[in-house]
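Subject: The model, and some notes to go with it

Hi there,

Here is the structure I promised to pass on. Please open it alongside this email, and my notes follow below.

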Amino acid sequence: QQTSSTTIMLRKRGPRSSALGGETGGDNRLRGTAGYSSSNARGDGNSLAKLCGTCVLFVMLCVAVPVFYRHQPDIQQQQQLNEGGRNAKLRSDAMFTPITEEETSSTSTKTATATTDDDSNKVHIVFSTDCSSFQHWQSYLLFYSAYRIHQPGKITRIASGCTDQQEEKELAWHTEHISSVMSEDFRIHFTPHFSAVKDESGKVNGDYKFFNKPMGLKHWFENSPDMGVDGSQGMVLPEHEDTIIALLDPDQVLLKHISGDMSDLKMTLVSNIAKDGRKFKVEHGTPFGQHYGLGTGWKKFNADEITGDPNSHAKEVGQHEASKHYPVGPPYIATARDMYQIALKWVEFVPKVHKEYPFLLAEMYAYCMAAAHLNLPHQLVDHLMISNVNCGGEAWPFVDSLRQNTGQENVCETMMTGSVDYLNSPQSTIPLPTVIHFCQRYIVGDTFFGKRKTPHDFFTCEHPLLKEPAFDLDHLTFKIPTGKALADENKEVLKAHQPVREAFTICGITRIMNEAGEFFKSHGCKGDANMEKSYDMHASFLKNNK
């Protein structure tokens, strides 16, 4: 049932300089062409189940033993599983290497072509949120991360379940601080509340906030002026069907451009299982997705009940095919034609999956089933994301080799001072993850970042910026657990791979947070604004304990 919605689209003002060393926000950003310039901006405790939202995925799935679906999961077992990631080990296939030229010639006859400017501008990034202050600051950060690297195309925040008052406030704030100063192509789309869990009689008996993602996506397709659906055909309008849709999570920030072309072999990571017959470009019938540790758990669900089709293709998918094509998560990338069809089945399947499995990951399993039902095998790639420093199947090889690739000794210094040209532009020769998915807790020494510890009023005139990490942070070999003071007796030794990965994430996020804060203050604050880089997340635990 279609309901009323609002999508804000505003004309962008003329080019204006940011406070970040002369970077401009003009039309060059929208065209994805020249116009880059350096930026001078510089630079465990609680249950992980409370920290990550859907990112508990990594806590649950990065353990050595695969996680399989059980018909009626025991609550205590589920809690133990959530905690299990605390001591997670790297999977045996953790070290992934970029696919080689020789491998491409033997595994695919498809010609890989470079993405043109026109192709890049067809990308439309969408991400789903509620109207909480928690996801308010994350949304601003995601928009800014796209702005700073000149991501081509459009970006829409799909905000679900706002009250009339919240919608009015969010719309005004978005207009003032995002659309009018970053880009007219940065939008916000409001949808009804979708997260209620209902029984067979329609009575609400719970809440599952991740219903917002598939249902909000479908609502956006059917109600946004950027899309549109032919109701008689149940398909995206022809003029929009070739648009590349990238579905992200709000707690992700961009380091590299999202596009539908993955033919640059140096910038691509593919797990061994996904190399055979590897595809290079998002096309109709060929969606892509970040490799997640979901395995084949979705095959344990009652496909007849969930799909309503005894002949569903999901039932025909074998174990190897299920492992090769369907354990995907955000960023999901597909043509609008394919993504809308997935959204339709995703919305249909997710309440039934949740009924059978009322836990985190239900909406991700439902996505896998929807794609399998539609016979839309995904090309798995590993380079789109980093999140859990102890997991394989992510873009950590790029991070592990950053010193070698840059010739610089300190990973943190590189991430805090390297120019956008050098690190983030399409012309950069430095391989980096496409996004940082900051749903974990990151700590080296007594330097810490956690999204749950980020003040919700960070992007205000009054709040200080983050304290900058030491440039040699990645050379420390210990951590101080949160809530404890820096002292020898409180040091915990890190594993060999952890310091570089933790420091990369902390320093990468700190720089983007602070640049975004400076941008907000320079454009949105009259008179004096607090530019002090003094907020210390690790120290904040000690203050709260006093």
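Which residues lie nearest the centre of the second largest pocket? They are Val197, Lys198, Phe211, Pro351 and Lys352, out of 21 residues that line the pocket.

Before going further, a word on the source: this is a predicted model, in which local features need pLDDT of at least 70 and side-chain atom pairs count only at pLDDT 80 or more, while totals for chains, interfaces and linings use all residues. Residues are numbered from 1 along each chain as its sequence is written, and side-chain values use heavy atoms, with hydrogens and water left out.

**The pocket**

The second largest pocket holds about 590 Å³ of space. A pocket here is an open set of points on a 1 Å grid over the protein atoms alone, where a 1.4 Å probe fits, with protein on both sides within 12 Å along at least five of seven lines; lining residues have an atom within 4 Å of a point. The volume is the space filled by probe spheres set on the points. Strand E5 (196–198), helix H9 (303–307) and H11 each supply at least two lining residues, and H11 gives the most, with seven. Helices (H or I, at least four residues) and strands (E, at least two) are DSSP runs numbered from the N terminus. By class, the lining has nine nonpolar, four polar and eight charged residues. Ala, Val, Leu, Ile, Met, Phe, Trp, Tyr, Cys and Pro count as nonpolar, Asp, Glu, Lys and Arg as charged, and the others, Gly among them, as polar.

**Helix packing**

H11 (residues 336–356) also packs on H12 (residues 362–373), at an angle of about 130° and with the axes 8 Å apart. Axes are lines fitted to C-alpha atoms, for helices over the stretch in contact, and angles run from 0 to 180 degrees between N-to-C directions. H11 and H12 are therefore oblique to each other; under 35 degrees counts as roughly parallel, over 145 as roughly antiparallel, 65 to 115 as roughly perpendicular and the rest as oblique.

H6 (residues 133–148) has two partners to look at. With H17 (residues 498–524), the angle is about 95° and the axes are 10 Å apart, so H6 and H17 are roughly perpendicular. Residues in this contact include Trp137 and Tyr140 in H6 and Phe519 and Phe520 in H17. Ten nonpolar, one polar and three charged residues make up the contact of H6 with H17.

With H7 (residues 164–179), the axes come within 12 Å and cross at roughly 30°, so H6 and H7 are roughly parallel. His136, Tyr140 and Phe143 of H6 make this contact with Glu170, Trp173, His174, His177 and Ile178 of H7.

**Backbone details**

Most residues other than glycine have a negative phi, and most peptide bonds are trans. His150, in the loop between H6 and strand E3 (154–160), has a positive phi of about 65° although it is not a glycine. A cis peptide bond, with omega about 0°, joins Pro330 and Pro331, and Pro331 lies in strand E12 (residues 328–335).

Happy browsing!

Key:
Contact means heavy atoms within 4.5 Å.
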